[in-house]
Amino acid sequence: MSNQERSRARYKRLVVPGRFQPPHNGHLHVIEYALQHADEVIVVIGSAQDSHSFKNPLTAGERWELLEKLLREKFGQDYCRRIKIVPVPDINMNKVWVQYLKLLLPEFDGVVSRNPLVAMLFEDMGYVVLQQPLINREHCSGTEIRKKIIKGEEWTQCVPSIIVDDLKKLRFEERIKRLMEDG
Ligand code: NAP
């Protein structure tokens with residue numbers, strides 16, 4: 001099947017893995033894109049074991065709550081009829097990561113991701129890999145948001161306004177700055 005045919009097909013269930021550090025509009029677009037191609041979408045909160053590090057400042061539980069709020073706002077109260085959020089800790093063996101996901105998740109047809117490692121691992125296992133279009137990368141990127149915080153630049157416009165107060169309550173900005181200072 002060509003890329004074009006793959007992206008026109010309809011699937012039962014697709015996986016959307018991400019770190020969501022923090023969740024932003026780019027992530028919402030990935031999930032929306034996945035919903036256009038599948039009846040059900042499993043949002044995997046990856047690196048669920050990690051928190052309080054510069055790359056992964058938020059805990060899986062914090063990310064889950066922020067994502068839930070965003071999904072409820074964007075897709076409605078009954079969003080969970082089509083979207084499930086599952087935190088998944090990383091494992092040390094990339095080669096068996098997709099098998100590990102098969103163990104933890106209900107059956108899926110493929111993945112939506114632009115991450116080259118994720119795409120490679122799913123492809124190697126014979127799964128469908130769909131790549132969402134890129135949305136406003138300059139603002140919609142966890143890495144950019146964390147960089148802006150370190151540089152003391154305005155970052156709140158990069159996340160959906162509904163979670164700005166929650167991130168402030170979690171002292172997200174202070175956490176990033178302290179993690180950076182600690183090394
Ligand atoms: P991420 O940075 O949160 O990104 C999640 C998805 O959103 C990616 O496809 C990303 O594409 C996309 N995205 C972000 N901003 C976007 C924008 N503005 N427009 C369109 N798409 C946008 O998370 P990730 O690092 O890809 O997450 C993968 C997770 O899987 C990690 O937790 C990783 O540790 C885990 N994993 C684990 C193993 C293992 O345990 N062995 C192996 C593989 C992966 P981009 O890539 O282009 O940003």
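I'm counting a polar contact as a pair of N or O atoms within 3.5 Å. I'm working from a predicted model, so I take everything below as computed.

I went to His-27 first. An N or O atom in the His-27 side chain sits 2.8 Å from an oxygen atom of the ligand, which means the pair falls within the 3.5 Å cut-off. I then checked Asp-90, where a polar side-chain atom is 2.9 Å from a ligand oxygen. For Ser-113 I read 3.5 Å between a polar side-chain atom and an oxygen atom of the ligand. Next I looked up how covered the ligand is: on its own it exposes 900 Å², and the protein buries 88% of that.

**Ligand, the shell**

How many residues surround the ligand? I get 26, and the closest are Ser-47, Ile-91, Asn-94, Ile-135 and Arg-137. By class I have 12 nonpolar, 10 polar and four charged residues in that shell.

**The pocket**

I wanted to know where the ligand sits, and its space turns out to be the largest pocket.

For the largest pocket I noted about 930 Å³ of space. It is lined by 35 residues, and the closest to its centre are Pro-17, Gly-18, Arg-19, Ser-113 and Asn-115. Ser-113 had already come up through its polar side-chain atom 3.5 Å from a ligand oxygen.

Which elements supply at least two residues each to the lining of the largest pocket? I listed β1, α2, α5 and α6 (142–151). The largest share is from α5, with four residues. I also sorted the lining by class and got 15 nonpolar, 14 polar and six charged residues.

I looked at backbone angles here. Most residues other than glycine have a negative phi, and most peptide bonds are trans. Is the peptide bond joining Gln-21 and Pro-22 cis or trans? I found it cis, with omega about -5°. Pro-22 also belongs to the loop between β1 and α2.

Notes:
Residues are numbered from 1 along each chain as its sequence is written. This is a predicted model: local features need pLDDT of at least 70, side-chain atom pairs count only at pLDDT 80 or more; totals for chains, interfaces and linings use all residues. Side-chain values use heavy atoms; hydrogens and water are left out. A residue is near a molecule or strand if one of its heavy atoms lies within 4 Å of it. A polar contact is a pair of N or O atoms within 3.5 Å; within protein, one must be able to donate a hydrogen and the other to accept it, and residues adjacent in sequence count only if both atoms are side-chain atoms. Accessible areas come from the Shrake-Rupley method with a 1.4 Å probe; for residues, only the protein chains shown count as cover. On a 1 Å grid over the protein atoms alone, a cavity is a set of points where a 1.4 Å probe fits but cannot get out, and a pocket is an open set with protein on both sides within 12 Å along at least five of seven lines; lining residues have an atom within 4 Å of a point. A molecule sits in a cavity or pocket if more than half of its atoms lie within 2 Å of its grid points. Ala, Val, Leu, Ile, Met, Phe, Trp, Tyr, Cys and Pro count as nonpolar, Asp, Glu, Lys and Arg as charged, and the others, Gly among them, as polar. Grid points are joined across faces, edges and corners, and a volume is the space filled by probe spheres set on the points.
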